[in-house]
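Please read these points with the structure open beside you, and check each of them against the atoms as you go.

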Amino acid sequence: GSFPVISNTVLRTSLGCNGNFHTAANHSASSASSLDRNYIQRSTVPSYHFQKSLPRLPVPKLEKTCERFLQSLKPLVSAEQHAKTAEIVARFQQNEGLVLHNELIAQNKRDKHTSYIT
């Protein structure tokens, strides 16, 4: 189906030639100084230090999420693959997508301490 095409394309884009995700952790300590150019400023503050002070993001509407997905897919697949995927997304949106979205909203209401993204 069209999902394997999407997955392979996304994975090829995300993975480097050696099959590893591109992260600073993949580089040795000796190359740390060369990585400094990737940062505006290095910080000793833990990543989640300000988490409690950040506003919670609203859960986007399922329809908007599906629209954004299809729009982002356009440059990656053929028109035929995009049309087929749009049909699959429409079915998903009416069935399991609706159930999953409602579960996400319920979970977001329960977890007041963090955003639905985390």
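Is Val-45 buried, partly exposed or exposed?

1. This is a predicted model, and in it Val-45 has a relative accessible area of 39%, which lies between the limits of 20% for buried and 50% for exposed, so Val-45 is partly exposed. Val-45 is found in the loop that runs between helix 2 (32-35) and helix 3 (62-73), and together with Phe-50 and Leu-54 it makes a nonpolar surface patch of about 290 Å².

2. Helix 5 (residues 96-110) has 15 residues, which at 1.5 Å a residue should span 21 Å, and the distance of 21 Å between its end C-alpha atoms agrees with that expectation. Gly-97, His-101 and Asn-108 are the buried residues of helix 5; seen down the helix axis they fall within an arc of 35 degrees, and therefore they line one face of the helix. These buried residues pack against helix 3 and helix 4 (79-94), whereas Lys-109 and Arg-110, on the other side of helix 5, are exposed.

3. Searching the whole structure gives 1 salt bridge, and Glu-67 forms a salt bridge with Lys-64, with the closest N and O atoms 3.5 Å apart. Side chains of opposite charge can pair when their charged atoms come close. Glu-67 and Lys-64 are 3 residues apart in helix 3, so about one helical turn separates them.

4. On the accessibility of this pair, please note that Glu-67 counts as partly exposed at 46% relative accessibility, and that Lys-64, at 41%, also counts as partly exposed.

Note on methods:
Residues are numbered from 1 along each chain as its sequence is written. This is a predicted model: local features need pLDDT of at least 70, side-chain atom pairs count only at pLDDT 80 or more; totals for chains, interfaces and linings use all residues. Side-chain values use heavy atoms; hydrogens and water are left out. Patches are made of residues with over 30% relative accessible area and no salt bridge: like charges are joined within 9 Å, nonpolar side chains (Val, Leu, Ile, Met, Phe, Trp, Tyr) within 5 Å. Accessible areas come from the Shrake-Rupley method with a 1.4 Å probe; for residues, only the protein chains shown count as cover. A salt bridge is a side-chain nitrogen of Lys or Arg within 4 Å of a carboxyl oxygen of Asp or Glu. Helices (H or I, at least four residues) and strands (E, at least two) are DSSP runs, numbered from the N terminus. Buried means under 20% relative accessible area, exposed over 50%, partly exposed in between (1.4 Å probe, protein chains only). The expected span of a helix is 1.5 Å times one less than its number of residues. The arc is that of the directions from the helix axis to the C-beta atoms. Contact means heavy atoms within 4.5 Å.
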